[in-house]
Amino acid sequence: MKHGRWHGRVDGARGRCAHPGCTEPGEFRAPLTAGDFDGPGTYRLLCLDHVRAHNAAYNFFAGMTPDEIEQAQSPIAGWYRHVRAFAHAGADPSPAWRDFKDPLDAIAARFQPGEARQRPQRFDAREREALGVLNLNDDADRHALRKRYSELVRRFHPDRNGGDRTHEHDLRRVIEAYQLLKGSRAFA
């Protein structure tokens with residue numbers, strides 16, 4: 001299908017407007033649900049008058065909390081996401097500067113042979129114990145930490161268990177483990 005002079009108009013579209021009772025040809029795409037705007041998604045075809053009414057009533061922020069609205073309007077929204085590291089094209093990766101107290105030690109570590117280089121442990125003993133409480137591996141990232149924390153809080157919280165307070169000890173351990181790990185340098 002080709003888009004014509006009108007933005008959103010689908011040339012060659014056949015059929016009637018999807019609005020009940022309308023007999024005009026459906027030539028303009030409109031998403032089926034308000035949250036269905038990312039990607040091709042599912043859509044319906046509307047006539048010009050009904051697509052204008054649809055667009056006038058559309059509210060991107062519908063259903064969002066004030067904090068979510070403020071975050072969506074932030075000029076840096078989307079730039080803080082964690083991404084996978086680039087490949088190192090056969091070379092050993094540089095040491096993380098945060099793993100060393102002295103920058104000269106970090107520079108020296110970069111030029112040691114790969115076998116001789118001792119990479120500092122990512123987690124100390126307390127942090128490893130906290131990972132065990134959350135049932136996470138050493139390679140967990142910040143996203144996995146938050147996801148697992150949310151799952152366990154939902155599982156153990158009395159409000160989600162009909163007021164059953166037998167899991168309070170587990171809930172307290174999960175919260176303490178999360179508080180320790182979220183401040184860890186491994187998740188900085």
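## Confidence of the model

The chain has a mean pLDDT of 78, with 73% of its residues reaching 70 or more, and it should be kept in mind that this is a predicted model. Confidence in the chain is lowest in strand 1 (residues 2–3), where the mean is 50, and highest in helix 6, at 91. Where pLDDT is low, the predicted coordinates should not be read in detail.

## Helix 5 against helix 6

Helix 5 (residues 142–156) packs with helix 6 (residues 168–182) at an angle of about 165 degrees, and their axes lie 9 Å apart. Because angles over 145 degrees count as roughly antiparallel, helix 5 and helix 6 are described as roughly antiparallel to each other; their crossing is left-handed.

On the side of helix 5 the contact is made by Arg142, Leu145, Arg146, Tyr149, Leu152, Val153 and Phe156, while helix 6 contributes Asp170, Leu171, Val174, Ile175, Tyr178, Leu181 and Lys182. Divided by class, this contact of helix 5 with helix 6 holds ten nonpolar and four charged residues, and no polar ones.

## Helix 4 against helix 6

The axes of helix 4 (residues 125–134) and helix 6 come within 9 Å and cross at roughly 135 degrees, so the two helices are oblique to each other. The crossing in which helix 4 passes helix 6 is left-handed.

Helix 4 takes part through Arg126, Glu127, Ala130, Leu131, Val133 and Leu134, and helix 6 through Arg173, Val174, Ala177, Tyr178, Leu180 and Leu181. In the contact of helix 4 with helix 6, nine residues are nonpolar, three are charged and none is polar.

Methods: Residues numbered from 1 in each chain as written. Predicted model: local features only at pLDDT ≥ 70, side-chain atom pairs only at ≥ 80, totals over all residues. Heavy atoms only, no water. Axes fitted to C-alpha atoms, helices over the stretch in contact; angles between N-to-C directions. Helix = DSSP H or I, 4+ residues; strand = E, 2+ residues; numbered from the N terminus. Parallel < 35°, antiparallel > 145°, perpendicular 65-115°, else oblique. Left-handed = near helix turned anticlockwise from the far one by under 90°. Contact = heavy atoms within 4.5 Å. Nonpolar A, V, L, I, M, F, W, Y, C, P; charged D, E, K, R; others polar. pLDDT = per-residue confidence, 0-100.
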